Amino acid sequence: MEFYLVQALNGLASASSLFLVASGLSIIFGVTRIVNFAHGSFYMLGAYIAYTLVQALPAGAAGYWAAVLGAALAVGLIGAAVELLLLRRIYRAPELFQLLATFGLVLVVADLVLMIWGPEDLLGPRAPGLRGSVMILGEPFPTYELFMIALGPLVLAGLWMLFHRTRWGTLVRAATEDREMVGALGVNEAWLFTSVFVLGSFLAGLGGAVQLPREAVNHTMDLHIIAEVFVVVVVGGMGSILGAFLAAVLISELNAFGILIFPEITLVLVFLIMAAVLIFRPWGLLGRPEGPPRAPAGEHEPPLRLLGRGFLYFCLAVLAAAAVLPHLLPTYYIRIACEVLISALFAASLGFMMTVGGMASFGHAAYFGLGAYGAALAVTYAQVGTGLGLAAALGLGLAGAVLFGYFCVRLSGVYSAMLTLAFAQIVYAVLFQWYGITGGDNGLLGIWPSDWVSSPLAYYYLTLAVVAVSLFLLRRLAFAPFGYSLRAGRDSALRSEAIGIHVRRVRWVGFVIAGFFAAAAGGLFAFLKGSVFPDYSSIPVSVDSLVMVLLGGVQTLSGPIVGAGVYKVLEVFVNRHTEHWQLILGCVLVGLVILFPQGILGYLVGRFGRSGEEWRGVDGAPAGGRAA
């Protein structure tokens with residue numbers, strides 16, 4: 001009994017820590033609608049800055065707590081700079097586009113932390129006055145953990161007072177409900193957004209600073225916290241502070257007792273809970289259902305238009321160049337070219353889902369990983385060749401997309417995207433913990449292509465053929481009657497239902513198609529690398545695919561292919577020439593976001609593309625029926 005009580009108290013202490021960070025993200029998203037992927041980086045900066053300030057300030061309680069508060073304030077100021085210099089410039093870009101900017105920040109902060117503080121873990125001092133322990137039912141319990149248990153409710157009460165007893169709080173709550181109406185009433189939205197971002201960043205920094213006595217400060221803290229923080233915000237309900245607190249307690253207690261009761265599924269337990277909540281209550285425990293999305297006045301997404309013969313000739317020229325290119329390159333670059341092609345297919349599959357179907361995904365790596373493991377399992381246990389291995393990849397990826405897509409298409413917006421993340425994490429956990437079949441974190445090795453495609457050149461041509469056919473089919477599907485139905489459901493679900501389109505079923509099929517082609521990319525990747533690992537389904541791989549799509553342009557069918565090419569080439573060559581590749585790549589991404597807020601190809605089409613009337617003149621097709 002005493003042991004379980006101590007375990008419950010440990011869960012409450014962790015809940016307070018998690019709540020501090022999650023409340024900041026919930027406030028930021030509730031008002032600005034920014035999915036701030038860099039929130040974990042702010043948390044990590046809070047811990048590092050607190051460590052430095054504790055060393056610099058006089059020893060004692062006053063110096064220690066001044067360091068903690070100073071670190072939180074410093075992170076708040078960093079958040080203000082980020083909002084003013086970066087995010088304010090791209091508020092009018094597509095909603096998920098800010099994700100690309102904040103992902104660039106994650107890379108920049110990660111490298112800056114390594115340059116300033118080094119790669120070693122840093123151990124901070126214990127908090128003065130809270131170093132001992134107290135006896136609870138005969139069991140010792142750290143005093144600092146009791147302080148953490150009290151800190152969470154105190155911060156919750158402070159935030160409640162701020163939002164319900166001040167005019168600023170009233171404006172923030174109004175902006176959470178309807179920010180367009182708040183702007184119409186004459187409120188200075190720009191400064192309201194900045195102040196909200198500063199408060200959210202301050203809370204993330206405070207969450208990191210108070211971790212100093214609890215764990216070693218290290219440069220992976222951002223990635224460890226961000227997934228759980230997203231889960232807490234979604235389970236509690238976007239923009240709900242009380243919901244974030246309840247979800248933090250729920251998740252932390254599950255983590256505390258799950259390792260005792262369900263040790264086999266500890267990695268997946270949190271995401272199972274998130275998936276269950278989103279399926280039965282899509283807006284979270286204390287959130288509210290979102291109304292239909294409202295497009296800003298005078299703005300609409302331009303229709304996709306078919307391109308004429310010029311585009312066909314251009315594609316044939318690119319294909320011919322791709323066929324000749326490997327004869328001019330060393331073997332190392334042929335393998336890189338294979339990787340770029342596979343990335344293009346992976347990104348195009350997600351681009352089809354987002355551009356044509358209007359469905360974002362934070363967990364597209366699930367189908368890439370299932371495809372890779374489908375091929376690897378078939379080769380390892382059935383000793384099949386490359387052809388049947390790729391067929392197994394498609395089969396396993398298809399099964400996962402059918403199952404997960406059934407639930408995901410029932411939701412919309414960020415909630416749907418978060419459910420895809422939950423399913424991807426479930427896949428990752430199964431691959432990681434099902435050691436007897438998947439090899440666990442050791443993966444499966446020896447997944448090499450059959451003799452007829454064993455040479456780098458032969459495998460390159462196989463990859464080129466599969467990718468070219470897949471991209472052609474995706475494009476044809478976008479302009480088939482099914483593609484028009486999918487786009488109709490994306491633009492107006494109510495009108496589509498009114499004219500007889502079964503929107504949910506069409507979206508489900510679109511989701512399955514995207515998963516199918518992502519699995520094809522995963523199968524090709526398994527044979528290219530000769531091995532598979534659970535990381536193929538991890539969050540960073542999903543983020544990579546999202547970055548490629550957003551970088552190229554989410555409103556064009558070819559954008560993801562361009563984004564994949566730019567991103568992979570940058571990643572490979574920058575990583576090869578400098579150890580600070582994350583810093584350079586992050587700066588490049590941030591620069592591209594500012595210069596091309598519609599993505600690279602979106603910018604080029606807008607700047608140099610022909611108008612719809614010109615397309616009609618060339619092709620004789622009605623507006624909306626021709627493509628870019």
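Mentor: A crossing is left-handed if the near helix is turned anticlockwise from the far one by less than a right angle, and right-handed if clockwise. By that rule, H13 and H14 cross right-handed. Helices here are DSSP runs (H or I, at least four residues), numbered from the N terminus. The model is predicted: local features need pLDDT of at least 70, side-chain atom pairs count only at pLDDT 80 or more, and totals for chains, interfaces and linings use all residues. Residues are numbered from 1 along each chain as its sequence is written, and side-chain values use heavy atoms, with hydrogens and water left out.

Take H14, residues 386–408. Its 23 residues reach 32 Å from first C-alpha to last.

Now the buried residues (under 20% relative accessible area, 1.4 Å probe, protein chains only). Among them are Gly 389, Ala 393, Gly 397, Ala 401 and Phe 404. The buried residues of H14 pack against helices H13, H15, H17 and H20.

Look at H13. The two axes, lines fitted to C-alpha atoms over the stretch in contact, lie 7 Å apart at about 140°. In contact (heavy atoms within 4.5 Å), H13 residues including Tyr 367, Leu 370 and Gly 374 meet H14 residues including Ala 392, Leu 396 and Gly 400. The contact residues divide into 10 nonpolar, five polar and no charged; Gly counts as polar, Ala, Leu, Phe and Tyr as nonpolar.

Technical notes:
Helices (H or I, at least four residues) and strands (E, at least two) are DSSP runs, numbered from the N terminus. The expected span of a helix is 1.5 Å times one less than its number of residues. Buried means under 20% relative accessible area, exposed over 50%, partly exposed in between (1.4 Å probe, protein chains only). Axes are lines fitted to C-alpha atoms, for helices over the stretch in contact, and angles run from 0 to 180 degrees between N-to-C directions.
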